[in-house]
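Reader: I would like to go through this model term by term. Please say what backs each label.

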Amino acid sequence: MITIPYTTALTTLFSYGLLFAFGQLRDLFRKFVEWWSSSNLHGYAPICLGLEDFYVRRLYLRIQDCFGRPIASAPDAWIDVVERYSNDYNKTLKRTTNTSKCLNLGSYNYLGFAAADEYCTPRVIESLKRFSPSTCSTRVDGGTTILHTQLEECVARFVGKPAAIVTGMGYVTNSAILPVLIGKGGLIISDSLNHNSIVNGARGSGATVRVFQHNTPSHLEEVLREQIAEGQPRTRRPWKKIIVVVEGIYSMEGELCKLPEIITVCKKYKAYTYLDEAHSIGAVGKTGRGVCELLGVDTADVDIMMGTFTKSFGSCGGYIAASKEVIEYLKYTCPAHLYATSISPPAAQQILSSIQVILGEDGSSRGAQKLARIRENSNFFRSELQKMGFEVLGDNDSPVMPIMLYNPAKIPAFSRECLKRNVAVVTVAFPATPLLLARARICISASHTREDLIKGLEVISQVGDLVGIKYFPAEPKKQQEEGRVKLE
(Lines give C-alpha, C1' and ligand atoms only; values in the text may rest on other atoms or scores of the structure.)
Protein backbone atom coordinates (compact mmCIF):
# COMPACT_ATOMS: atom_id res chain seq x y z
CA MET A 1 0.00 0.00 0.00
CA ILE A 2 1.43 3.39 -1.07
CA THR A 3 -0.01 6.62 0.24
CA ILE A 4 0.13 9.85 -1.75
CA PRO A 5 -0.51 13.41 -0.45
CA TYR A 6 -3.86 14.82 -1.60
CA THR A 7 -2.30 17.91 -3.18
CA THR A 8 0.27 15.78 -5.00
CA ALA A 9 -2.45 13.43 -6.24
CA LEU A 10 -4.51 16.35 -7.55
CA THR A 11 -1.60 18.08 -9.31
CA THR A 12 -0.45 14.77 -10.81
CA LEU A 13 -3.94 14.02 -12.14
CA PHE A 14 -4.18 17.55 -13.49
CA SER A 15 -0.83 17.20 -15.27
CA TYR A 16 -1.81 13.92 -16.90
CA GLY A 17 -5.17 15.44 -17.82
CA LEU A 18 -3.47 18.29 -19.66
CA LEU A 19 -1.13 15.90 -21.46
CA PHE A 20 -4.07 13.72 -22.49
CA ALA A 21 -6.20 16.66 -23.68
CA PHE A 22 -3.49 18.28 -25.78
CA GLY A 23 -2.40 14.88 -27.08
CA GLN A 24 -5.93 14.12 -28.26
CA LEU A 25 -6.16 17.48 -30.01
CA ARG A 26 -2.90 16.81 -31.82
CA ASP A 27 -4.08 13.32 -32.78
CA LEU A 28 -7.28 14.81 -34.18
CA PHE A 29 -5.26 17.20 -36.32
CA ARG A 30 -2.97 14.31 -37.34
CA LYS A 31 -5.93 12.23 -38.53
CA PHE A 32 -7.20 15.14 -40.60
CA VAL A 33 -3.80 15.62 -42.28
CA GLU A 34 -3.44 11.89 -42.99
CA TRP A 35 -6.96 11.71 -44.39
CA TRP A 36 -6.19 14.67 -46.64
CA SER A 37 -2.85 13.29 -47.83
CA SER A 38 -4.04 9.64 -47.99
CA SER A 39 -0.58 8.46 -46.97
CA ASN A 40 -1.77 5.10 -45.60
CA LEU A 41 -1.66 1.96 -47.69
CA HIS A 42 -5.10 1.41 -49.28
CA GLY A 43 -6.94 -1.50 -47.71
CA TYR A 44 -4.61 -1.84 -44.71
CA ALA A 45 -5.53 -0.95 -41.16
CA PRO A 46 -2.93 1.27 -39.45
CA ILE A 47 -0.59 -0.76 -37.25
CA CYS A 48 0.19 1.91 -34.67
CA LEU A 49 -2.44 4.59 -34.31
CA GLY A 50 -4.90 5.80 -31.72
CA LEU A 51 -4.79 4.96 -28.02
CA GLU A 52 -2.66 1.86 -28.63
CA ASP A 53 0.49 3.95 -28.78
CA PHE A 54 -0.84 7.25 -27.44
CA TYR A 55 1.31 7.13 -24.30
CA VAL A 56 4.47 6.38 -26.29
CA ARG A 57 3.95 9.18 -28.80
CA ARG A 58 2.65 11.89 -26.50
CA LEU A 59 4.67 11.32 -23.33
CA TYR A 60 7.46 8.78 -23.62
CA LEU A 61 9.07 10.13 -26.81
CA ARG A 62 9.34 13.58 -25.27
CA ILE A 63 11.42 12.26 -22.38
CA GLN A 64 13.07 9.25 -24.00
CA ASP A 65 16.51 10.77 -23.42
CA CYS A 66 15.99 9.74 -19.77
CA PHE A 67 15.69 6.07 -20.74
CA GLY A 68 17.88 3.57 -22.54
CA ARG A 69 21.04 5.59 -22.07
CA PRO A 70 23.93 3.65 -23.67
CA ILE A 71 27.04 3.13 -21.58
CA ALA A 72 30.63 2.52 -22.66
CA SER A 73 31.99 0.65 -19.65
CA ALA A 74 31.24 -2.15 -17.20
CA PRO A 75 28.32 -1.37 -14.83
CA ASP A 76 30.61 -0.72 -11.87
CA ALA A 77 30.25 1.95 -9.15
CA TRP A 78 31.12 4.52 -11.83
CA ILE A 79 30.13 4.20 -15.48
CA ASP A 80 30.80 6.02 -18.75
CA VAL A 81 27.48 7.29 -20.12
CA VAL A 82 27.41 8.04 -23.85
CA GLU A 83 26.22 11.57 -24.58
CA ARG A 84 23.28 11.97 -26.99
CA TYR A 85 21.44 14.84 -28.65
CA SER A 86 18.28 15.39 -30.68
CA ASN A 87 17.34 17.83 -33.44
CA ASP A 88 13.65 16.90 -33.56
CA TYR A 89 12.41 17.34 -29.99
CA ASN A 90 13.51 13.88 -28.84
CA LYS A 91 11.70 11.99 -31.58
CA THR A 92 15.07 10.53 -32.52
CA LEU A 93 18.31 10.54 -30.55
CA LYS A 94 21.84 10.58 -31.99
CA ARG A 95 24.95 9.40 -30.20
CA THR A 96 28.16 11.37 -29.94
CA THR A 97 31.69 10.12 -29.35
CA ASN A 98 31.78 11.80 -25.94
CA THR A 99 31.11 10.09 -22.63
CA SER A 100 30.45 11.34 -19.12
CA LYS A 101 31.81 9.53 -16.08
CA CYS A 102 28.85 9.15 -13.74
CA LEU A 103 28.15 7.60 -10.36
CA ASN A 104 26.07 4.49 -11.11
CA LEU A 105 22.93 4.35 -8.95
CA GLY A 106 20.83 2.37 -11.40
CA SER A 107 22.42 -1.03 -12.13
CA TYR A 108 21.54 -4.30 -10.37
CA ASN A 109 25.21 -4.98 -9.67
CA TYR A 110 24.49 -5.63 -5.99
CA LEU A 111 27.72 -7.41 -5.07
CA GLY A 112 29.99 -5.76 -7.62
CA PHE A 113 30.64 -8.90 -9.69
CA ALA A 114 29.61 -7.27 -12.98
CA ALA A 115 32.97 -5.48 -13.20
CA ALA A 116 36.39 -7.11 -13.40
CA ASP A 117 37.02 -9.39 -10.42
CA GLU A 118 40.34 -10.85 -9.36
CA TYR A 119 38.87 -14.34 -8.94
CA CYS A 120 35.98 -14.51 -11.43
CA THR A 121 37.38 -12.72 -14.49
CA PRO A 122 40.43 -14.98 -15.17
CA ARG A 123 38.21 -18.08 -14.92
CA VAL A 124 35.62 -16.60 -17.27
CA ILE A 125 38.31 -15.78 -19.84
CA GLU A 126 39.66 -19.32 -19.58
CA SER A 127 36.16 -20.78 -20.08
CA LEU A 128 35.73 -18.57 -23.15
CA LYS A 129 38.86 -20.08 -24.67
CA ARG A 130 37.78 -23.62 -23.83
CA PHE A 131 34.04 -23.58 -24.58
CA SER A 132 33.52 -20.53 -26.89
CA PRO A 133 30.97 -17.71 -26.33
CA SER A 134 27.94 -19.91 -27.07
CA THR A 135 26.96 -23.55 -27.31
CA CYS A 136 24.82 -22.73 -30.39
CA SER A 137 22.38 -25.40 -29.26
CA THR A 138 19.63 -26.22 -26.81
CA ARG A 139 20.30 -28.08 -23.60
CA VAL A 140 18.77 -31.31 -24.90
CA ASP A 141 20.84 -31.34 -28.08
CA GLY A 142 24.47 -30.22 -27.91
CA GLY A 143 24.10 -27.36 -25.46
CA THR A 144 24.98 -29.01 -22.15
CA THR A 145 28.58 -28.64 -21.01
CA ILE A 146 30.12 -29.75 -17.74
CA LEU A 147 29.75 -26.12 -16.61
CA HIS A 148 25.97 -26.40 -16.89
CA THR A 149 25.76 -29.54 -14.79
CA GLN A 150 28.17 -28.07 -12.23
CA LEU A 151 26.13 -24.88 -12.12
CA GLU A 152 22.86 -26.70 -11.46
CA GLU A 153 24.44 -28.70 -8.65
CA CYS A 154 26.03 -25.54 -7.22
CA VAL A 155 22.77 -23.55 -7.32
CA ALA A 156 20.79 -26.34 -5.65
CA ARG A 157 23.36 -26.54 -2.88
CA PHE A 158 23.52 -22.75 -2.50
CA VAL A 159 19.76 -22.19 -2.13
CA GLY A 160 19.19 -25.34 -0.09
CA LYS A 161 17.11 -27.45 -2.47
CA PRO A 162 17.61 -31.03 -3.77
CA ALA A 163 17.91 -30.04 -7.44
CA ALA A 164 17.88 -27.10 -9.87
CA ILE A 165 17.51 -26.26 -13.55
CA VAL A 166 19.05 -23.18 -15.21
CA THR A 167 17.79 -21.19 -18.20
CA GLY A 168 19.47 -18.64 -20.44
CA MET A 169 17.18 -15.72 -19.54
CA GLY A 170 15.75 -14.59 -16.22
CA TYR A 171 12.47 -13.22 -17.63
CA VAL A 172 11.78 -16.47 -19.48
CA THR A 173 12.33 -18.49 -16.31
CA ASN A 174 9.00 -17.22 -14.97
CA SER A 175 7.08 -16.87 -18.22
CA ALA A 176 8.05 -20.36 -19.47
CA ILE A 177 8.04 -22.32 -16.20
CA LEU A 178 4.63 -21.31 -14.81
CA PRO A 179 2.67 -22.65 -17.83
CA VAL A 180 4.45 -25.99 -17.37
CA LEU A 181 3.72 -26.22 -13.64
CA ILE A 182 0.01 -25.44 -13.88
CA GLY A 183 -2.71 -25.32 -16.51
CA LYS A 184 -6.46 -25.37 -17.02
CA GLY A 185 -8.26 -26.36 -13.85
CA GLY A 186 -5.53 -24.89 -11.68
CA LEU A 187 -5.49 -21.68 -9.67
CA ILE A 188 -2.68 -19.12 -9.45
CA ILE A 189 -2.94 -16.57 -6.65
CA SER A 190 -0.50 -13.77 -7.38
CA ASP A 191 0.65 -10.74 -5.40
CA SER A 192 -0.80 -7.59 -6.98
CA LEU A 193 2.70 -6.14 -7.54
CA ASN A 194 4.41 -9.22 -8.97
CA HIS A 195 6.80 -8.75 -11.88
CA ASN A 196 5.54 -8.72 -15.47
CA SER A 197 7.29 -12.03 -16.17
CA ILE A 198 5.08 -13.67 -13.53
CA VAL A 199 1.99 -11.95 -14.93
CA ASN A 200 2.70 -13.18 -18.46
CA GLY A 201 3.56 -16.68 -17.24
CA ALA A 202 0.30 -16.86 -15.28
CA ARG A 203 -1.75 -15.63 -18.23
CA GLY A 204 -0.10 -18.08 -20.60
CA SER A 205 -0.69 -21.04 -18.33
CA GLY A 206 -4.44 -21.26 -18.94
CA ALA A 207 -5.00 -21.46 -15.19
CA THR A 208 -7.45 -19.20 -13.38
CA VAL A 209 -5.61 -16.20 -11.92
CA ARG A 210 -6.62 -14.33 -8.78
CA VAL A 211 -4.76 -11.45 -7.15
CA PHE A 212 -4.31 -10.59 -3.48
CA GLN A 213 -3.39 -7.23 -1.99
CA HIS A 214 0.33 -6.58 -2.06
CA ASN A 215 2.18 -8.32 0.76
CA THR A 216 -1.01 -8.82 2.79
CA PRO A 217 -1.23 -12.40 4.19
CA SER A 218 -4.67 -11.75 5.69
CA HIS A 219 -6.12 -10.91 2.28
CA LEU A 220 -4.33 -13.90 0.76
CA GLU A 221 -6.17 -16.09 3.26
CA GLU A 222 -9.50 -14.49 2.33
CA VAL A 223 -8.89 -15.13 -1.37
CA LEU A 224 -7.80 -18.72 -0.73
CA ARG A 225 -10.79 -19.49 1.45
CA GLU A 226 -13.21 -17.97 -1.06
CA GLN A 227 -11.70 -19.71 -4.08
CA ILE A 228 -11.52 -23.11 -2.38
CA ALA A 229 -15.18 -22.79 -1.37
CA GLU A 230 -16.31 -21.77 -4.88
CA GLY A 231 -14.12 -24.18 -6.85
CA GLN A 232 -13.55 -23.97 -10.58
CA PRO A 233 -15.68 -21.56 -12.65
CA ARG A 234 -18.96 -23.02 -13.96
CA THR A 235 -18.28 -26.65 -12.91
CA ARG A 236 -17.53 -25.84 -9.21
CA ARG A 237 -15.19 -28.81 -9.14
CA PRO A 238 -12.20 -28.68 -6.75
CA TRP A 239 -9.09 -27.02 -8.11
CA LYS A 240 -6.51 -29.42 -9.53
CA LYS A 241 -3.77 -27.47 -7.76
CA ILE A 242 -3.25 -24.02 -6.24
CA ILE A 243 0.01 -22.05 -6.48
CA VAL A 244 0.67 -18.83 -4.56
CA VAL A 245 3.30 -16.67 -6.28
CA VAL A 246 5.31 -14.00 -4.42
CA GLU A 247 8.65 -12.19 -4.73
CA GLY A 248 11.49 -12.06 -2.21
CA ILE A 249 12.17 -8.36 -2.79
CA TYR A 250 9.69 -6.47 -4.94
CA SER A 251 11.72 -4.75 -7.63
CA MET A 252 9.66 -1.56 -7.87
CA GLU A 253 9.03 -1.20 -4.12
CA GLY A 254 12.23 -2.47 -2.49
CA GLU A 255 10.00 -4.28 -0.01
CA LEU A 256 10.73 -7.63 1.63
CA CYS A 257 8.10 -10.33 1.27
CA LYS A 258 6.21 -11.31 4.43
CA LEU A 259 7.27 -14.86 3.68
CA PRO A 260 6.80 -16.56 7.09
CA GLU A 261 3.16 -15.42 7.33
CA ILE A 262 2.43 -16.30 3.69
CA ILE A 263 3.88 -19.79 4.11
CA THR A 264 1.73 -20.29 7.21
CA VAL A 265 -1.38 -19.43 5.19
CA CYS A 266 -0.33 -21.68 2.29
CA LYS A 267 0.27 -24.63 4.61
CA LYS A 268 -3.13 -24.12 6.23
CA TYR A 269 -4.93 -24.35 2.88
CA LYS A 270 -2.58 -26.87 1.22
CA ALA A 271 -1.42 -24.44 -1.50
CA TYR A 272 2.00 -24.58 -3.16
CA THR A 273 4.41 -21.64 -2.75
CA TYR A 274 6.36 -20.17 -5.67
CA LEU A 275 9.05 -17.68 -4.58
CA ASP A 276 10.75 -15.32 -7.06
CA GLU A 277 14.11 -14.26 -5.62
CA ALA A 278 15.44 -12.29 -8.58
CA HIS A 279 16.41 -9.30 -6.41
CA SER A 280 17.02 -11.06 -3.11
CA ILE A 281 19.21 -14.07 -3.85
CA GLY A 282 22.84 -13.17 -3.22
CA ALA A 283 21.90 -9.69 -1.97
CA VAL A 284 20.37 -10.37 1.46
CA GLY A 285 20.92 -12.88 4.23
CA LYS A 286 24.03 -13.48 6.30
CA THR A 287 25.59 -15.68 3.61
CA GLY A 288 23.66 -14.23 0.66
CA ARG A 289 21.08 -17.00 0.44
CA GLY A 290 18.13 -14.64 0.12
CA VAL A 291 14.98 -13.90 2.06
CA CYS A 292 14.61 -17.43 3.43
CA GLU A 293 17.89 -17.01 5.29
CA LEU A 294 17.15 -13.39 6.23
CA LEU A 295 13.67 -14.14 7.62
CA GLY A 296 14.46 -17.55 9.10
CA VAL A 297 12.32 -19.60 6.71
CA ASP A 298 13.14 -23.25 6.03
CA THR A 299 13.61 -23.67 2.28
CA ALA A 300 11.80 -27.01 2.54
CA ASP A 301 8.62 -24.97 3.15
CA VAL A 302 8.98 -23.22 -0.23
CA ASP A 303 7.95 -25.57 -3.03
CA ILE A 304 9.41 -23.71 -6.02
CA MET A 305 12.34 -21.29 -5.67
CA MET A 306 13.10 -19.10 -8.65
CA GLY A 307 15.92 -16.61 -9.09
CA THR A 308 18.05 -14.84 -11.68
CA PHE A 309 21.79 -14.44 -12.17
CA THR A 310 21.53 -10.92 -13.60
CA LYS A 311 21.75 -9.07 -10.30
CA SER A 312 24.05 -10.29 -7.53
CA PHE A 313 26.09 -12.67 -9.70
CA GLY A 314 26.98 -10.30 -12.55
CA SER A 315 25.85 -12.67 -15.29
CA CYS A 316 22.66 -13.67 -17.15
CA GLY A 317 20.00 -16.37 -16.97
CA GLY A 318 17.78 -17.78 -14.26
CA TYR A 319 17.10 -20.91 -12.24
CA ILE A 320 14.36 -22.99 -10.69
CA ALA A 321 15.20 -24.99 -7.56
CA ALA A 322 12.79 -27.60 -6.20
CA SER A 323 12.48 -31.32 -5.50
CA LYS A 324 14.24 -33.79 -7.79
CA GLU A 325 10.90 -34.95 -9.17
CA VAL A 326 9.83 -31.41 -10.15
CA ILE A 327 13.18 -30.58 -11.78
CA GLU A 328 13.18 -33.88 -13.70
CA TYR A 329 9.68 -33.07 -14.95
CA LEU A 330 10.74 -29.58 -16.04
CA LYS A 331 13.70 -30.93 -18.00
CA TYR A 332 11.29 -33.01 -20.11
CA THR A 333 8.62 -30.35 -20.59
CA CYS A 334 9.93 -26.77 -20.16
CA PRO A 335 10.28 -24.93 -23.51
CA ALA A 336 13.10 -22.77 -22.10
CA HIS A 337 15.08 -26.00 -21.64
CA LEU A 338 13.94 -27.84 -24.76
CA TYR A 339 13.92 -25.10 -27.40
CA ALA A 340 16.01 -22.14 -26.21
CA THR A 341 19.77 -21.86 -26.58
CA SER A 342 21.51 -22.82 -23.36
CA ILE A 343 23.17 -20.28 -21.14
CA SER A 344 26.54 -19.12 -22.45
CA PRO A 345 29.46 -21.13 -20.94
CA PRO A 346 31.38 -17.99 -19.87
CA ALA A 347 28.19 -16.71 -18.22
CA ALA A 348 27.83 -20.04 -16.41
CA GLN A 349 31.44 -19.84 -15.24
CA GLN A 350 30.86 -16.30 -13.96
CA ILE A 351 27.99 -17.55 -11.82
CA LEU A 352 29.96 -20.49 -10.49
CA SER A 353 32.93 -18.28 -9.62
CA SER A 354 30.83 -15.59 -7.94
CA ILE A 355 29.04 -18.17 -5.77
CA GLN A 356 32.42 -19.58 -4.77
CA VAL A 357 33.53 -16.10 -3.70
CA ILE A 358 30.28 -15.56 -1.74
CA LEU A 359 30.78 -18.87 0.08
CA GLY A 360 34.47 -18.19 0.72
CA GLU A 361 35.57 -21.12 -1.44
CA ASP A 362 38.10 -18.86 -3.17
CA GLY A 363 40.15 -18.94 0.01
CA SER A 364 39.36 -15.36 1.04
CA SER A 365 36.78 -13.44 3.06
CA ARG A 366 35.85 -11.13 0.17
CA GLY A 367 32.40 -12.67 -0.16
CA ALA A 368 31.51 -11.99 3.47
CA GLN A 369 32.92 -8.47 3.13
CA LYS A 370 30.78 -7.80 0.05
CA LEU A 371 27.64 -9.01 1.83
CA ALA A 372 28.38 -6.84 4.86
CA ARG A 373 29.11 -3.83 2.63
CA ILE A 374 25.92 -4.09 0.58
CA ARG A 375 23.89 -4.26 3.79
CA GLU A 376 25.73 -1.29 5.35
CA ASN A 377 25.58 0.76 2.15
CA SER A 378 21.86 0.09 1.64
CA ASN A 379 20.84 0.95 5.19
CA PHE A 380 23.05 4.06 5.28
CA PHE A 381 21.73 5.40 1.98
CA ARG A 382 18.10 4.71 2.87
CA SER A 383 18.31 6.36 6.29
CA GLU A 384 20.02 9.46 4.85
CA LEU A 385 17.39 9.84 2.12
CA GLN A 386 14.64 9.61 4.72
CA LYS A 387 16.35 12.21 6.90
CA MET A 388 16.42 14.57 3.91
CA GLY A 389 12.64 14.31 3.57
CA PHE A 390 12.30 12.08 0.51
CA GLU A 391 9.44 9.61 0.19
CA VAL A 392 11.44 6.37 0.15
CA LEU A 393 9.82 2.94 -0.24
CA GLY A 394 11.08 -0.42 0.92
CA ASP A 395 12.63 -2.09 3.95
CA ASN A 396 15.99 -2.08 5.65
CA ASP A 397 18.62 -4.44 4.13
CA SER A 398 17.01 -4.07 0.70
CA PRO A 399 19.42 -2.62 -1.91
CA VAL A 400 16.43 -1.31 -3.90
CA MET A 401 15.08 2.04 -2.73
CA PRO A 402 12.49 3.90 -4.84
CA ILE A 403 12.19 7.69 -4.37
CA MET A 404 8.66 8.82 -5.20
CA LEU A 405 8.32 11.48 -7.91
CA TYR A 406 4.58 11.24 -8.69
CA ASN A 407 4.24 14.18 -11.13
CA PRO A 408 5.07 13.42 -14.80
CA ALA A 409 7.08 16.64 -15.22
CA LYS A 410 9.38 15.60 -12.37
CA ILE A 411 10.39 12.35 -14.10
CA PRO A 412 12.60 13.97 -16.78
CA ALA A 413 13.55 16.87 -14.51
CA PHE A 414 15.00 14.60 -11.82
CA SER A 415 16.80 12.35 -14.31
CA ARG A 416 18.31 15.16 -16.40
CA GLU A 417 19.43 17.25 -13.43
CA CYS A 418 21.13 14.24 -11.83
CA LEU A 419 22.92 13.47 -15.10
CA LYS A 420 24.14 17.07 -15.33
CA ARG A 421 25.79 16.50 -11.97
CA ASN A 422 27.32 13.18 -13.11
CA VAL A 423 24.94 10.87 -11.25
CA ALA A 424 23.16 8.22 -13.32
CA VAL A 425 19.73 7.25 -11.96
CA VAL A 426 16.83 5.20 -13.30
CA THR A 427 13.35 6.73 -13.39
CA VAL A 428 10.32 4.48 -13.72
CA ALA A 429 6.82 5.41 -14.81
CA PHE A 430 3.69 3.93 -16.40
CA PRO A 431 3.25 1.16 -17.52
CA ALA A 432 5.95 -0.30 -15.24
CA THR A 433 4.22 1.43 -12.31
CA PRO A 434 0.67 2.74 -11.78
CA LEU A 435 0.02 6.06 -13.53
CA LEU A 436 0.22 8.21 -10.40
CA LEU A 437 3.17 6.45 -8.80
CA ALA A 438 6.21 7.42 -10.90
CA ARG A 439 9.52 7.06 -9.08
CA ALA A 440 13.29 7.03 -9.29
CA ARG A 441 14.67 3.61 -8.40
CA ILE A 442 18.03 3.69 -6.65
CA CYS A 443 20.06 0.47 -6.61
CA ILE A 444 23.01 0.26 -4.24
CA SER A 445 26.10 -1.90 -4.79
CA ALA A 446 28.79 -3.34 -2.57
CA SER A 447 31.28 -1.68 -4.94
CA HIS A 448 30.15 1.78 -3.79
CA THR A 449 32.47 3.43 -1.30
CA ARG A 450 31.21 5.71 1.47
CA GLU A 451 32.56 8.67 -0.55
CA ASP A 452 30.50 7.51 -3.56
CA LEU A 453 27.34 7.33 -1.47
CA ILE A 454 27.90 10.78 0.08
CA LYS A 455 28.45 12.22 -3.41
CA GLY A 456 25.18 10.62 -4.58
CA LEU A 457 23.28 11.88 -1.54
CA GLU A 458 24.54 15.43 -2.04
CA VAL A 459 23.45 15.47 -5.68
CA ILE A 460 20.07 13.87 -5.00
CA SER A 461 19.46 16.37 -2.19
CA GLN A 462 20.28 19.31 -4.48
CA VAL A 463 18.07 17.99 -7.28
CA GLY A 464 15.33 17.11 -4.79
CA ASP A 465 15.19 20.74 -3.66
CA LEU A 466 15.30 21.94 -7.27
CA VAL A 467 12.41 19.80 -8.59
CA GLY A 468 10.42 19.75 -5.35
CA ILE A 469 10.24 16.09 -4.33
CA LYS A 470 11.08 16.47 -0.65
CA TYR A 471 7.43 16.12 0.23
CA PHE A 472 7.70 16.09 4.03
CA PRO A 473 11.05 17.66 4.97
CA ALA A 474 10.16 18.91 8.43
CA GLU A 475 7.20 16.86 9.63
CA PRO A 476 7.42 13.88 11.98
CA LYS A 477 6.59 10.54 10.40
CA LYS A 478 3.29 10.23 12.29
CA GLN A 479 2.05 13.55 10.87
CA GLN A 480 3.14 12.56 7.36
CA GLU A 481 0.54 9.78 7.26
CA GLU A 482 -2.30 12.30 7.66
CA GLY A 483 -3.82 13.96 4.65
CA ARG A 484 -2.87 11.25 2.20
CA VAL A 485 -4.61 9.11 -0.43
CA LYS A 486 -3.99 5.34 -0.27
CA LEU A 487 -3.16 3.69 -3.58
CA GLU A 488 -2.44 0.03 -4.38
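This is a predicted model: local features need pLDDT of at least 70, side-chain atom pairs count only at pLDDT 80 or more; totals for chains, interfaces and linings use all residues.

Reader: How do you know which parts of the chain count as domains?

Author: The domain assignment gives domain 1 (49-104 + 368-467) and domain 2 (119-359). Their C-alpha centres lie 28 Å apart. Contact here needs heavy atoms within 4.5 Å. By that test, 19 residues of domain 1 are in contact with 17 residues of domain 2.

Reader: What is the volume of the largest pocket, and which residues are closest to its centre?

Author: The volume is about 790 Å³. The lining has 34 residues, and closest to the centre are Leu-193, Asn-194, His-195, Asn-196 and Ser-197.

Reader: Why do you say that the largest pocket lies between the domains?

Author: Domain 1 and domain 2 both give residues to the lining, so the pocket lies between them.

Reader: Which element gives the most to that lining?

Author: Helix H6 does, with five residues. Among the elements that supply at least two residues each are helix H5 (170-181), strand S5 (187-191) and strand S16 (438-443). By class, the lining has 13 nonpolar, 13 polar and eight charged residues.

Reader: What makes a space a cavity rather than a pocket?

Author: A 1.4 Å probe fits in a cavity but cannot get out, whereas a pocket is open. The search finds two cavities of 30 Å³ or more.

Reader: What lines the largest cavity?

Author: The lining includes Pro-75, Asp-76, Ala-77, Asn-104 and His-448. About 40 Å³ of space lies inside this cavity. Its lining divides into three nonpolar, six polar and one charged.

Reader: Which elements each supply at least two residues to the lining of the second largest cavity?

Author: Strand S4 (163-167) and helix H11 (335-338) do. Among the lining residues are Arg-139, His-148, Val-166 and His-337. About 30 Å³ of space lies in this second largest cavity. By class, its lining has three nonpolar, six polar and one charged residues.

Reader: Why are strands S2 and S14 said to stand at the edges of their sheet?

Author: The sheet is open, with three strands in the order S2-S3-S14 and mixed pairing. Strand S2 (78-85) and strand S14 (423-424) each have a single partner strand, so one side of each is left without a neighbour in the sheet.

Reader: How do you know that S2 and S3 pair?

Author: Pairing takes at least two bridges. Seven bridges join S2 to strand S3 (residues 94-104), so they meet that test. The two run antiparallel. Val-82 stands opposite Thr-99 in S3.

Reader: Which helix packs on the sheet?

Author: Helix H15 (residues 450-467) does, touching S2, S3 and S14. Its direction makes about 110° with that of S3.

Reader: Which peptide bond is called cis, and where is its proline?

Author: The bond from Phe-430 to Pro-431 is cis, with omega near 10°. Pro-431 lies in the loop between strand S15 (426-428) and S16. Most peptide bonds are trans.

Notes:
Residues are numbered from 1 along each chain as its sequence is written. Side-chain values use heavy atoms; hydrogens and water are left out. On a 1 Å grid over the protein atoms alone, a cavity is a set of points where a 1.4 Å probe fits but cannot get out, and a pocket is an open set with protein on both sides within 12 Å along at least five of seven lines; lining residues have an atom within 4 Å of a point. Grid points are joined across faces, edges and corners, and a volume is the space filled by probe spheres set on the points. Helices (H or I, at least four residues) and strands (E, at least two) are DSSP runs, numbered from the N terminus. Ala, Val, Leu, Ile, Met, Phe, Trp, Tyr, Cys and Pro count as nonpolar, Asp, Glu, Lys and Arg as charged, and the others, Gly among them, as polar. Domain bounds come from an automatic or database domain assignment. Axes are lines fitted to C-alpha atoms, for helices over the stretch in contact, and angles run from 0 to 180 degrees between N-to-C directions.
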